[in-house]
Amino acid sequence: MMGQGPAPFLELQGVTKRYPNGTLALTDISLAVGDGEFLAIVGASGCGKSTILRHVAGLVVPTAGRITWSQPPAAGGIGPGGIGMVFQEPTLMPWARIQDNVRLPLDLAKVPRIEADARVAALLAQVGLADFAQAYPRELSGGMKMRASIARALVTRPRLLLMDEPFAALDEITRQKLNDDLLALWREQRFTAMFVTHSVYEGVYLANRAIVMAPRPGRIHADIPLDLPYPRDESLRTDARYAAACRTVSLALADAMRGAA
Ligand SMILES: Nc1ncnc2c1ncn2[C@@H]1O[C@H](COP(=O)(O)OP(=O)(O)OP(=O)(O)O)[C@@H](O)[C@H]1O
């Protein structure tokens, strides 16, 4: 719970999920997310991180418990004012130019073409792809494809951005650059972010709060505030406070795994 003050932007209350094959993926997840927060969700493979995001996106329904919103996402979910999603795979349409890939959610929402094109151009510039608007996905590097995928998720100006291991397949330098670009977009657009990662270092760099999950069955083991100041940049990586926060989250993760191997 978030104590006094405005209702949380989003709240999972006692969410439990048993998949049809019997797997108990989540048990009794209670989590209140404030408007504009940046949450990192860390935990070992299979502890239910993606399942939490799928619930929030409305892609699966909980077996028990519920999800409440201060204002339900527009259009019932993914779309303008609603939810943007980015996965580990950029999932671009190979036959479409980058600008057409990024414009897709606006086309689906029937945003007038002139306005849509202006928004696509602005966002491509922000993610550093202005010169590649006419290119096809196969002409882009992995990092550039991920930038396009982020642009597509943000072009509808969602209030919530869900990211599931988006940078896991990228090299370290590209990944760090994308971390910085993502933080810049978050500070500018003020969306709420839920970011699943296996990397404690990445999660601590980005987030103002780390949710550490334990497996079998998936549950929240620790909820750790990360009081490192924003804006964050490369200098944070050598900051003693960053090291201390990474250590705290790593210890919580190790504790979550104890007895679960
Ligand atoms: N559609 C499904 N049907 C049955 N079981 C599922 C389904 N999706 C996930 N699971 C199971 O639920 C558990 C949690 O899966 P989930 O993908 O949420 O974990 P995760 O923490 O995101 O894992 P990873 O880090 O490997 O992506 C796992 O045991 C997984 O096998």
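Helices (H or I, at least four residues) and strands (E, at least two) are DSSP runs, numbered from the N terminus. Residues are numbered from 1 along each chain as its sequence is written. The structure is a predicted model, in which local features need pLDDT of at least 70 and side-chain atom pairs count only at pLDDT 80 or more, while totals for chains, interfaces and linings use all residues.

**Figure 1. Confidence of the predicted protein and complex.** The mean pLDDT (the predictor's confidence in each residue, from 0 to 100) of the protein is 91, and 93% of its residues reach 70 or more. Strand E3 (residues 38-42) has the highest confidence, at 98, and strand E5 (residues 83-86) the lowest, at a mean of 91. For the complex, the predictor gives an ipTM of 0.97 and a pTM of 0.93.

Figure 2. The ligand is surrounded by 13 residues, a residue being near a molecule or strand if its C-beta atom, placed from the backbone, lies within 6 Å of it. The closest are Tyr19, Ala25, Ser45, Ser50 and Thr51. The shell holds three nonpolar, nine polar and one charged residue; Ala, Val, Leu, Ile, Met, Phe, Trp, Tyr, Cys and Pro count as nonpolar, Asp, Glu, Lys and Arg as charged, and the others, Gly among them, as polar. Helix H1 (residues 49-56) gives the most to this shell, with three residues. Six of the eight residues of H1 are buried, so H1 is largely enclosed by the rest of the structure. A residue is buried if 20 or more other C-beta atoms lie within 10 Å of its own, exposed if 12 or fewer, and partly exposed in between, with C-beta atoms placed from the backbone. The buried residues of H1 are Lys49, Thr51, Ile52, Leu53, His55 and Val56. Gly58, which follows H1, has a positive phi, near 80°.

Figure 3. At 1.5 Å a residue, the 14 residues of H3 should span 20 Å, which agrees with the 20 Å between its end C-alpha atoms; the expected span is 1.5 Å times one less than the number of residues. Ala116, Val120, Leu123 and Leu124 are buried in H3. These residues cover an arc of only 100° around the axis, which puts them on the same side of H3; the arc is that of the directions from the helix axis to the C-beta atoms. Ile114, Glu115, Ala118 and Ala122 are exposed on the other side of H3. The buried residues of H3 pack against helix H2 (98-108) and H4.

**Figure 4. Ala151 in helix H4.** Ala151 is found in helix H4 and is buried, with 26 other C-beta atoms within 10 Å. Not counting residues up to four places away in sequence, Ala151 touches Val102, Leu123, Leu124, Val127 and Leu129; two residues are in contact if their C-beta atoms, placed from the backbone, lie within 7 Å.

**Figure 5. Helix H5 and its neighbours.** Helix H5 (residues 172-189) has 18 residues and reaches 25 Å from its first C-alpha to its last, close to the 26 Å expected at 1.5 Å a residue. Leu178, Asn179, Leu182 and Leu185 are buried in H5. Seen down the axis of H5, its buried residues fall within an arc of 130°, so they line one face of the helix. The buried residues of H5 pack against helix H3 (113-126), helix H4 (142-154) and helix H6 (200-206). The face turned away from the buried side of H5 carries the exposed residues Ile173 and Glu188.
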